[in-house]
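Here is a short report on one protein model. Look over the sequence and the structure first, then read on.

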Amino acid sequence: MVLHIVEREQNIRRLTPLETWRLQGFTDKEFWKAQKVNSDTQLYKQAGNTITVNVMVELFKKIYLK
């Protein structure tokens, strides 16, 4: 899956790996450390395979607190 962001009216651009990591709640320091040993493709995949803590907590609440 490729993430895009709309800027101004109809202009669309691809999110940078750093932006995808930030959306998942990682710090810039964690990103820079991972960037030293990974390609951009791998960084996108790693961000895509994560789940934010808030989402996970809500899922667990729905599953276990019924």
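## Contacts and overall make-up

Take contacts in the protein between residues at least 6 apart in sequence: 30% of them join residues at least 24 apart. Contact means heavy atoms within 4.5 Å. This is a predicted model, in which local features need pLDDT of at least 70, side-chain atom pairs count only at pLDDT 80 or more, and totals for chains, interfaces and linings use all residues. Residues are numbered from 1 along each chain as its sequence is written, and side-chain values use heavy atoms, with hydrogens and water left out.

The protein has four helices and two strands. Along the sequence they follow the pattern β-β-α-α-α-α. Helices (H or I, at least four residues) and strands (E, at least two) are DSSP runs, numbered from the N terminus.

## Surface and burial

The protein has 66 residues, and 14% of them count as buried. Buried means under 20% relative accessible area, exposed means over 50%, and partly exposed lies in between (1.4 Å probe, protein chains only).

The accessible surface comes to about 5800 Å². Carbon and sulfur atoms account for 57% of that surface. Areas come from the Shrake-Rupley method with a 1.4 Å probe; for residues, only the protein chains shown count as cover.

## The nonpolar core

Six residues make up the largest nonpolar core: Leu-18, Trp-21, Phe-31, Ala-34, Leu-43 and Ala-47. Helices H1 (17-23), H2 (28-35) and H3 (40-48) are the elements that each give two or more residues to this core. Such a core is a set of buried Ala, Val, Leu, Ile, Met, Phe, Trp, Tyr and Cys residues joined through side-chain atoms within 4.5 Å.

What does Ala-34 touch, not counting residues up to four places away in sequence? Ala-34 touches Trp-21, Leu-43 and Gln-46.

## Salt bridges

The structure holds three salt bridges. Each needs a side-chain nitrogen of Lys or Arg within 4 Å of a carboxyl oxygen of Asp or Glu. Arg-13 pairs with Glu-19, with the closest N and O atoms 2.8 Å apart. Arg-13 is partly exposed at 27% relative accessible area, and Glu-19 is partly exposed at 21%.

Arg-22 bridges to Asp-28, again with closest N and O atoms 2.8 Å apart. Arg-22 is partly exposed at 45% relative accessibility; Asp-28 is partly exposed at 29%.

Glu-58 and Lys-61 form a salt bridge at 3.4 Å, N to O. Both lie in helix H4 (residues 53-64), three residues apart, about one turn of the helix. Glu-58 is partly exposed at 41% relative accessibility, and Lys-61 is partly exposed at 40%.
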